[in-house]
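The sequence and structure come first.

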Amino acid sequence: MSRTAPAVPEGYTSVAPWVVTDDTGALLDFVAAAFDGEELARVPLEDGTIGHGEIRVGDTVVLAFDRRADWPPMPSLLRVYVADADAAMAAAVARGATVVTEIADSAWGDRGGRVRDPFGNIWWVVSRVEEVDADVAWRRMSEPVYAEHMRVAQATLDADLSGRSKGVASAPLPPPQA
(Lines give C-alpha, C1' and ligand atoms only; values in the text may rest on other atoms or scores of the structure.)
Protein backbone atom coordinates (compact mmCIF):
# COMPACT_ATOMS: atom_id res chain seq x y z
CA MET A 1 0.00 0.00 0.00
CA SER A 2 1.46 3.41 -0.93
CA ARG A 3 0.94 6.63 0.96
CA THR A 4 0.72 10.08 -0.49
CA ALA A 5 3.83 12.04 0.38
CA PRO A 6 3.38 15.47 1.95
CA ALA A 7 3.74 18.38 -0.46
CA VAL A 8 6.72 19.69 1.52
CA PRO A 9 9.17 17.31 3.24
CA GLU A 10 9.45 17.68 6.99
CA GLY A 11 12.02 20.30 7.96
CA TYR A 12 11.71 22.27 4.71
CA THR A 13 9.63 25.28 3.67
CA SER A 14 7.49 25.71 0.55
CA VAL A 15 10.01 28.05 -1.05
CA ALA A 16 13.72 27.39 -0.74
CA PRO A 17 16.46 29.78 -1.85
CA TRP A 18 19.30 28.46 -4.01
CA VAL A 19 22.67 30.16 -3.89
CA VAL A 20 25.09 29.52 -6.74
CA THR A 21 28.65 30.45 -5.88
CA ASP A 22 32.27 29.84 -6.82
CA ASP A 23 33.04 28.21 -3.45
CA THR A 24 30.02 26.53 -1.89
CA GLY A 25 32.11 24.87 0.82
CA ALA A 26 33.33 28.25 2.03
CA LEU A 27 29.79 29.67 1.72
CA LEU A 28 28.45 26.90 3.98
CA ASP A 29 31.22 27.62 6.50
CA PHE A 30 30.46 31.36 6.37
CA VAL A 31 26.71 30.88 6.93
CA ALA A 32 27.34 28.45 9.80
CA ALA A 33 29.66 30.91 11.53
CA ALA A 34 27.87 34.20 10.78
CA PHE A 35 24.22 33.17 11.06
CA ASP A 36 24.41 30.09 13.29
CA GLY A 37 23.58 27.82 10.37
CA GLU A 38 23.48 24.04 10.70
CA GLU A 39 25.04 22.29 7.71
CA LEU A 40 22.83 19.45 6.49
CA ALA A 41 24.57 18.28 3.32
CA ARG A 42 27.72 18.81 1.27
CA VAL A 43 28.04 16.63 -1.84
CA PRO A 44 31.44 16.89 -3.55
CA LEU A 45 31.73 15.93 -7.23
CA GLU A 46 34.57 14.20 -9.10
CA ASP A 47 35.74 17.51 -10.55
CA GLY A 48 36.27 19.00 -7.06
CA THR A 49 33.18 21.19 -7.05
CA ILE A 50 30.22 20.99 -4.68
CA GLY A 51 27.20 19.66 -6.57
CA HIS A 52 24.77 20.15 -3.71
CA GLY A 53 24.87 21.74 -0.29
CA GLU A 54 22.24 22.50 2.32
CA ILE A 55 22.38 24.61 5.45
CA ARG A 56 19.54 25.34 7.86
CA VAL A 57 19.26 28.86 9.24
CA GLY A 58 16.38 29.12 11.68
CA ASP A 59 13.43 27.42 9.99
CA THR A 60 14.75 27.67 6.42
CA VAL A 61 17.05 25.43 4.44
CA VAL A 62 19.28 27.34 2.03
CA LEU A 63 20.48 25.20 -0.87
CA ALA A 64 23.70 25.85 -2.75
CA PHE A 65 26.03 24.50 -5.39
CA ASP A 66 29.14 25.59 -7.28
CA ARG A 67 28.86 27.63 -10.45
CA ARG A 68 30.43 26.25 -13.61
CA ALA A 69 33.15 28.46 -15.14
CA ASP A 70 31.06 29.32 -18.22
CA TRP A 71 27.96 30.30 -16.22
CA PRO A 72 27.43 33.97 -15.30
CA PRO A 73 27.84 35.02 -11.66
CA MET A 74 24.49 34.77 -9.85
CA PRO A 75 24.68 36.65 -6.55
CA SER A 76 21.63 36.30 -4.31
CA LEU A 77 19.80 38.77 -2.09
CA LEU A 78 18.60 37.06 1.08
CA ARG A 79 16.91 38.21 4.28
CA VAL A 80 17.84 36.34 7.44
CA TYR A 81 16.11 36.80 10.79
CA VAL A 82 18.48 36.27 13.71
CA ALA A 83 18.21 36.68 17.48
CA ASP A 84 20.71 39.58 17.52
CA ALA A 85 21.25 41.51 14.28
CA ASP A 86 24.15 43.52 15.71
CA ALA A 87 26.03 40.37 16.72
CA ALA A 88 25.28 38.58 13.44
CA MET A 89 26.43 41.57 11.38
CA ALA A 90 29.64 41.72 13.41
CA ALA A 91 30.16 37.96 12.96
CA ALA A 92 29.60 38.26 9.21
CA VAL A 93 32.10 41.13 8.93
CA ALA A 94 34.62 39.19 11.03
CA ARG A 95 34.34 36.40 8.45
CA GLY A 96 34.96 38.61 5.44
CA ALA A 97 31.64 40.28 4.68
CA THR A 98 31.48 44.00 3.90
CA VAL A 99 28.78 46.32 5.18
CA VAL A 100 26.34 47.52 2.52
CA THR A 101 23.83 49.18 4.87
CA GLU A 102 24.66 50.08 8.46
CA ILE A 103 22.37 48.59 11.07
CA ALA A 104 19.34 50.68 12.10
CA ASP A 105 15.83 50.36 13.51
CA SER A 106 12.89 50.26 11.11
CA ALA A 107 9.43 51.76 11.42
CA TRP A 108 7.91 48.26 11.32
CA GLY A 109 9.80 46.86 14.31
CA ASP A 110 12.91 45.25 12.85
CA ARG A 111 16.53 46.16 13.52
CA GLY A 112 18.90 45.31 10.75
CA GLY A 113 21.42 46.09 8.09
CA ARG A 114 22.97 44.52 5.01
CA VAL A 115 26.27 42.80 4.31
CA ARG A 116 27.81 41.45 1.13
CA ASP A 117 29.40 38.09 1.86
CA PRO A 118 32.80 37.12 0.39
CA PHE A 119 30.95 35.34 -2.46
CA GLY A 120 28.93 38.35 -3.69
CA ASN A 121 25.61 37.59 -1.98
CA ILE A 122 23.85 40.33 -0.06
CA TRP A 123 22.27 39.41 3.27
CA TRP A 124 19.64 41.65 4.90
CA VAL A 125 20.35 40.70 8.54
CA VAL A 126 17.42 41.53 10.84
CA SER A 127 16.01 40.94 14.29
CA ARG A 128 12.42 41.59 15.30
CA VAL A 129 12.69 43.98 18.25
CA GLU A 130 9.04 44.99 18.63
CA GLU A 131 5.62 44.18 17.24
CA VAL A 132 4.21 47.21 15.40
CA ASP A 133 0.71 47.52 13.95
CA ALA A 134 0.59 48.51 10.28
CA ASP A 135 -1.04 51.89 10.99
CA VAL A 136 1.69 52.73 13.52
CA ALA A 137 4.41 51.66 11.08
CA TRP A 138 2.99 53.93 8.37
CA ARG A 139 2.71 56.83 10.83
CA ARG A 140 6.34 56.24 11.87
CA MET A 141 7.45 56.35 8.22
CA SER A 142 6.74 60.09 8.25
CA GLU A 143 9.00 60.61 11.29
CA PRO A 144 12.41 61.96 10.24
CA VAL A 145 14.49 59.22 11.88
CA TYR A 146 12.57 56.35 10.27
CA ALA A 147 12.25 58.14 6.92
CA GLU A 148 16.02 58.61 6.91
CA HIS A 149 16.64 54.95 7.77
CA MET A 150 14.42 53.92 4.83
CA ARG A 151 16.19 56.37 2.50
CA VAL A 152 19.60 55.06 3.55
CA ALA A 153 18.49 51.44 3.16
CA GLN A 154 17.33 52.11 -0.41
CA ALA A 155 20.28 54.30 -1.41
CA THR A 156 23.00 52.01 -0.05
CA LEU A 157 21.57 48.94 -1.79
CA ASP A 158 21.14 50.85 -5.04
CA ALA A 159 24.71 52.18 -4.87
CA ASP A 160 26.11 48.72 -4.15
CA LEU A 161 24.15 47.01 -6.94
CA SER A 162 24.52 49.75 -9.55
CA GLY A 163 28.14 50.63 -8.87
CA ARG A 164 27.23 54.31 -8.57
CA SER A 165 28.87 56.32 -5.83
CA LYS A 166 25.46 57.61 -4.71
CA GLY A 167 22.35 55.43 -4.75
CA VAL A 168 18.79 56.38 -5.57
CA ALA A 169 15.98 56.32 -3.00
CA SER A 170 12.30 57.20 -3.04
CA ALA A 171 9.82 57.63 -0.19
CA PRO A 172 7.22 54.87 0.16
CA LEU A 173 3.57 55.72 -0.42
CA PRO A 174 1.06 54.55 2.17
CA PRO A 175 -1.69 52.18 1.06
CA PRO A 176 -4.89 53.87 -0.16
CA GLN A 177 -7.49 54.46 2.54
CA ALA A 178 -10.60 52.28 2.29
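## Salt bridges

Arginine 128 and glutamate 131 form a salt bridge in which the closest N and O atoms are 3.5 Å apart; a salt bridge here is a side-chain nitrogen of Lys or Arg within 4 Å of a carboxyl oxygen of Asp or Glu. Arginine 128 is partly exposed, with a relative accessible area of 38%, while glutamate 131 counts as exposed at 68%. Buried means under 20% relative accessible area, exposed over 50%, and partly exposed in between, with a 1.4 Å probe and protein chains only. The model is predicted: local features need pLDDT of at least 70, side-chain atom pairs count only at pLDDT 80 or more, and totals for chains, interfaces and linings use all residues. Residues are numbered from 1 along each chain as its sequence is written, and side-chain values use heavy atoms, with hydrogens and water left out.

The structure holds twelve salt bridges. One of them joins arginine 42 to aspartate 29, with the closest N and O atoms 2.9 Å apart. This pair links distant parts of the chain, arginine 42 being in strand 2 and aspartate 29 in helix 1, 13 residues apart. Helices (H or I, at least four residues) and strands (E, at least two) are DSSP runs numbered from the N terminus. Arginine 42 also meets glutamate 39 in a salt bridge of 2.7 Å, N to O. Relative accessibility is 33% for arginine 42, 44% for aspartate 29 and 34% for glutamate 39. Shared partners join Asp29, Glu39 and Arg42 into one network.

Four strands form an open sheet of mixed pairing, in the order 1-4-3-2; two strands pair if DSSP finds at least two bridges between them. Strand 1 and strand 2 (38–44) are the edge strands, each pairing on one side only. On average, neighbouring strands of this sheet are turned by 15° against each other, direction ignored. Axes are lines fitted to C-alpha atoms, for helices over the stretch in contact, and angles run from 0 to 180 degrees between N-to-C directions.

Strand 1 (residues 18–21) runs parallel to strand 4, joined by four bridges, and valine 19 stands opposite alanine 64 in strand 4. Strand 3 (residues 50–57) is antiparallel to strand 4 over five bridges, with glutamate 54 partnered by leucine 63. These two strands form a hairpin with two residues between them, and glycine 58 in the turn has a positive phi of about 65°. Strand 2 and strand 3 are antiparallel over six bridges; glutamate 39 has isoleucine 55 in strand 3 as its bridge partner.

Five of the seven residues of strand 4 (residues 60–66) are buried, so this strand is largely enclosed by the rest of the structure. Helix 1 (residues 24–35) lies across strands 1, 2, 3 and 4, at about 5° to strand 3.

Aspartate 117 lies in the loop between strand 7 (110–116) and strand 8 (122–128). Aspartate 117 is buried but has no salt bridge, and the nearest side chain of opposite charge, arginine 116, is 6.8 Å away. Lys and Arg count as positive and Asp and Glu as negative; His and the chain ends are not counted. A polar atom of the aspartate 117 side chain lies 2.7 Å from the backbone nitrogen of phenylalanine 119.

Threonine 101, in strand 6 (residues 98–105), is buried at a relative accessible area of 3%. Its side chain makes a polar contact of 2.5 Å with that of threonine 156. A polar contact is a pair of N or O atoms within 3.5 Å; within protein, one must be able to donate a hydrogen and the other to accept it, and residues adjacent in sequence count only if both atoms are side-chain atoms.

Terms used:
Contact = heavy atoms within 4.5 Å.
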